[in-house]
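I open a new page for this chain. I will write down what I look up, one entry at a time.

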Amino acid sequence: MSDAQCADLTTAVEQLAWTAVREMLQLQPDAGPGSDAPDADLRQMWLAALTSLLAIRDSADQLAASAALSAAQYGADYPAIGDAAGMTRQGARRKWPGLAGLSDERQRKLTWWNRRGDQFVQCVRAVLMASEETSEQAPRLAALRGRLDEIEQTSPAQRLDVFDMALVDAHAVAVGAPSPAERTAARAKGLLAALTADAYAAMNSHSSLVIREDLACGTDDCASEPIVELWHPDFGHGPVSACREHAIEALGQPDIRIVAACRPDVALSVFAEAYGEG
Ligand SMILES: [Zn+2]
């Protein structure tokens, strides 16, 4: 930034501060540091200016942190962020930790939503249509309906945050209660659970998935690799891991749903095979 640009910024910040002073003290539009006012009034104005300038600095700090986060999501690494902030790479990392890898995460999310976004929205619509408004899940259903509206009203560039929230609500709806008795409605709910499981598996980094390697299939004496976690309202103790074969077998029972995938792109294919759609 050139010296002239810095000077312009300082002038703009000064004007902003004095606008805030006039609002704080309820002064006339022409009141300011050069006005012909008693010393006591000018003293009060300068004290208010001090308060407002420090508030502007705090706001700028918050906005800077937000800008660093966004820059990282769009691919900036710590050397680039440090360079823009006038500090070293290590300094930038200390000031704004946790920004590495955000670009990769954003890319994984974009890829998944580009591929499955339409299917996800259709599936949520089907679940909402089939659900009783009076059910105990009504608040969650209302939240999910609100997310759908938000997705439609948000520009594609801003949609990732809304999708993140929609996934949280979809997961809660998909696993929160027994399945509807009607088969089409039950299928929609099961599909939403599988879609959500696949979304999380695709969006998480590889390192957070390999932690699951020590899990075994929940069926006794089965040595096959578990690839999904299943949930049933009666399990009580949380999800149970299952290999492909035993997952497909279990999904034949009512109320069993896939709630997590141990690898990307397995939940939907297991679901499809279990429902004879593979
Ligand atoms: Zn098994």
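**Entry 1: Exposed loop residues**

I looked up Q26 and found a relative accessible area of 73%, so Q26 counts as exposed, the cut-off being over 50%. The model I am reading is a predicted one. I placed Q26 in the loop between α1 (3-25) and α2. Its phi is near 55°, which is a positive value, and Q26 is not a glycine. I noted beside this that most residues other than glycine have a negative phi.

I then turned to D221, in the loop between α9 and β1. Phi of D221 is near 65°, again positive in a residue other than glycine. D221 has 83% relative accessibility, and therefore I listed it as exposed.

A223 also sits in the loop between α9 and β1. I listed A223 as exposed because its relative accessibility is 78%. I checked A223 against C243: the two are 20 residues apart along the chain, and their C-alpha atoms are separated by 8.7 Å.

**Entry 2: The zinc ion**

Which protein atoms are the donors of the zinc ion? I found SG of C217, SG of C222, SG of C243 and ND1 of H246. I wrote the spacing of the donor residues in sequence as C-x4-C-x20-C-x2-H. C217 and C243 link distant parts of the chain, being 26 residues apart. I placed C217 in the loop between α9 (206-210) and β1 (226-231), and C243 in strand β2 (residues 240-243). Both C217 and C243 are buried.

What is the geometry of the site? The angles among the 4 donor atoms run from 99 to 117°, and the site is tetrahedral.

**Entry 3: Helix α11**

Next I looked at helix α11 (residues 267-274). Its buried residues include A267, L268, V270, F271 and A272. I asked what covers the buried residues of α11. The cover includes the helices α5 (102-130), α8 (183-203) and α10 (244-250), as well as the strands β1 and β3 (257-261). After α11 comes G276, and I read its phi as positive, near 65°.

**Entry 4: α8 against α11**

I reminded myself that two packed helices are described by the angle and the distance between their axes. For α8 and α11, the axes come within 8 Å and cross at roughly 155°. The two helices are therefore roughly antiparallel to each other. On the α8 side, the contact is made by R187, G190, L191, A194, L195, A197 and D198. On the α11 side, A267, L268 and F271 take part. I sorted the residues of this contact into 7 nonpolar, 1 polar and 2 charged.

**Entry 5: I56**

Last, I looked up I56, which is in helix α2 (residues 39-73). What does I56 touch, leaving aside its neighbours within four places in sequence? I found contacts with V13, L16 and A17. I also looked up the separation of I56 from A20: 36 residues in sequence, and 9.9 Å in space from C-alpha to C-alpha.

Methods
Residues are numbered from 1 along each chain as its sequence is written. This is a predicted model: local features need pLDDT of at least 70, side-chain atom pairs count only at pLDDT 80 or more; totals for chains, interfaces and linings use all residues. Side-chain values use heavy atoms; hydrogens and water are left out. Donors are N, O and S atoms within 2.8 Å of the metal (3.2 Å for Na, K and Ca); water is not among the atoms, so sites may look incomplete. Four donors count as tetrahedral if all angles lie between 85 and 135 degrees; four count as square planar and six as octahedral if opposite donors are over 155 degrees apart and all others between 65 and 115; anything else is irregular. Helices (H or I, at least four residues) and strands (E, at least two) are DSSP runs, numbered from the N terminus. Buried means under 20% relative accessible area, exposed over 50%, partly exposed in between (1.4 Å probe, protein chains only). Contact means heavy atoms within 4.5 Å. Axes are lines fitted to C-alpha atoms, for helices over the stretch in contact, and angles run from 0 to 180 degrees between N-to-C directions. Angles under 35 degrees count as roughly parallel, over 145 as roughly antiparallel, 65 to 115 as roughly perpendicular and the rest as oblique. Ala, Val, Leu, Ile, Met, Phe, Trp, Tyr, Cys and Pro count as nonpolar, Asp, Glu, Lys and Arg as charged, and the others, Gly among them, as polar.
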